[in-house]
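Colleague: I have a model open and would like to talk it through with you before I do anything else. Could you take my questions as they come?

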Amino acid sequence: ARVVVEPGTVIQGAIVLSGDDVTLELGAGCDVQSTVTLSGANCSLICQNGVDLDGIIVSGNFGYVDGGGWDTISHGPSSVDGIEVSGTDVIVKDISGNTTAYSADSAAFRSSGERTIFDRCRVVFSHWNGFYTIADEVKILNSVVEDTDWEGIYSDSTEGIISNNWVDSAGLDGIQVGDSADNTVIVGNIVRDQASDPIEVGAGCENCVVVGNRTDGAIIDHAGTSTVSGNNTTAF
């Protein structure tokens, strides 16, 4: 099934794609004034640039979200992250997110689903984390994090990849991987103007790779088992 909404439409109330293989297409300038939930399998949300959303939840497997560009933004209300993924094998790309929620582990982009891919996403602002991931094999790629009260990127994802991101003005660490994030690859990121460490690897986190990053200060490896090389840590 495919549902196409005309550009500039205002939609009041929540939208739930509960059946499998359903695609919702939102025209440019649509204003969705409640949460969009993709709970069925193989569901897609496809936006033209400039859509305004009040939270996206992807709980079905094999979900797909394409914002069409950074002028599309998903605002997280107090009880919801900007974009929250709990389904497995989900792709979220080309979209901005923020959240004014002020609760532990809230984020503009949050994933508890295995094999989530965030690609070319933008964190406009977050009262807590920019990205927060706790499932295995989550990838955060080619994204921008501009302003957070806590970590810019927090990952406790085993075998995750954090690559080619730009993280600026985090309230704590720019990038932090937790004690369970074994075998995480952190490569090619630019991290600057954070309040604490630019990149920090947790004490229980083993065999990570931290290579080719440009950071505003020293990289901290509490575990002592990471491969850390080829990074430029000179202050900007």
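Colleague: To start with, how many helices and how many strands are there in the protein?

Modeller: This is a predicted model, and in it the protein has 29 strands and 0 helices.

Colleague: What is the radius of gyration, and what would a compact globule have?

Modeller: The radius of gyration is 17 Å, which agrees with the value near 18 Å that a compact globule of 236 residues would have. Taken along the principal axes, the C-alpha atoms fill a box of roughly 50 × 30 × 30 Å.

Colleague: And what share of the residues is buried?

Modeller: Buried residues make up 50% of the 236 in the protein.

Colleague: What about contacts between residues 24 or more positions apart, what percentage do they account for?

Modeller: They account for 34%, counted among the contacts in the protein that have a separation of 6 or more.

Colleague: Let's go to single residues. Where is Ser 74 found, and is Ser 74 buried or exposed?

Modeller: Ser 74 belongs to strand 11, which covers residues 73-76, and because its relative accessible area is 0%, Ser 74 counts as buried.

Colleague: Which backbone nitrogen does the side chain of Ser 74 reach?

Modeller: The side chain of Ser 74 reaches the backbone nitrogen of Gly 55, at a distance of 3.4 Å. Once neighbours within four places in sequence are set aside, the contacts of Ser 74 include Gly 55 again, together with Leu 53, Ile 56, Gly 82 and Ser 96.

Colleague: How many residues apart are Gly 82 and Ser 96 in sequence, and how far in space?

Modeller: Gly 82 and Ser 96 are 14 residues apart in sequence, with 8.8 Å between their C-alpha atoms.

Colleague: Which loop holds Gly 67?

Modeller: Gly 67 is in the loop between strand 10, residues 64-66, and strand 11, and Gly 67 is buried at 0% relative accessibility. Gly 67 and Pro 77 are 10 residues apart in sequence, and their C-alpha atoms are 18 Å apart. Not counting residues up to four places away, Gly 67 touches several others, among them Cys 47, Asn 49, Thr 72 and Ile 95.

Colleague: Next is Asn 129. Is Asn 129 buried or exposed?

Modeller: Asn 129, which lies in strand 16 (residues 129-133), is buried, with a relative accessibility of 2%. Apart from neighbours within four places in sequence, Asn 129 contacts residues including Asp 105, Ala 107, Ala 108, Trp 150 and Tyr 154; Ala 107 and Ala 108 are also among the contacts of Gly 82.

Colleague: And what is the relative accessible area of Val 185?

Modeller: For Val 185 the relative accessible area is 29%, so this residue is partly exposed. Val 185 is in strand 23, residues 185-187, and touches Gly 160, Ile 161, Ile 162 and Val 209 when residues up to four places away are not counted. Val 185 and Cys 208 are 23 residues apart along the chain, and their C-alpha atoms are separated by 5.8 Å.

Colleague: One last topic, backbone angles. What is the phi of Asn 42, and what is the phi of Ser 169?

Modeller: Asn 42 is not a glycine, yet has a positive phi of about 60 degrees, and Ser 169 likewise has a positive phi, near 65 degrees. Asn 42 lies in the loop between strand 6 and strand 7 and is partly exposed at 37% relative accessibility. Ser 169 is in the loop between strand 21 and strand 22, and Ser 169 is partly exposed too, with a relative accessible area of 29%.

Definitions and conventions: Residues numbered from 1 in each chain as written. Predicted model: local features only at pLDDT ≥ 70, side-chain atom pairs only at ≥ 80, totals over all residues. Heavy atoms only, no water. Helix = DSSP H or I, 4+ residues; strand = E, 2+ residues; numbered from the N terminus. Rg over C-alpha atoms; globule rule 2.2 N^0.38 Å. Buried < 20%, exposed > 50% of the residue type's maximum accessible area, 1.4 Å probe, protein only. Contact = heavy atoms within 4.5 Å. Polar contact = N/O pair within 3.5 Å; in protein donor to acceptor, adjacent residues only side chain to side chain.
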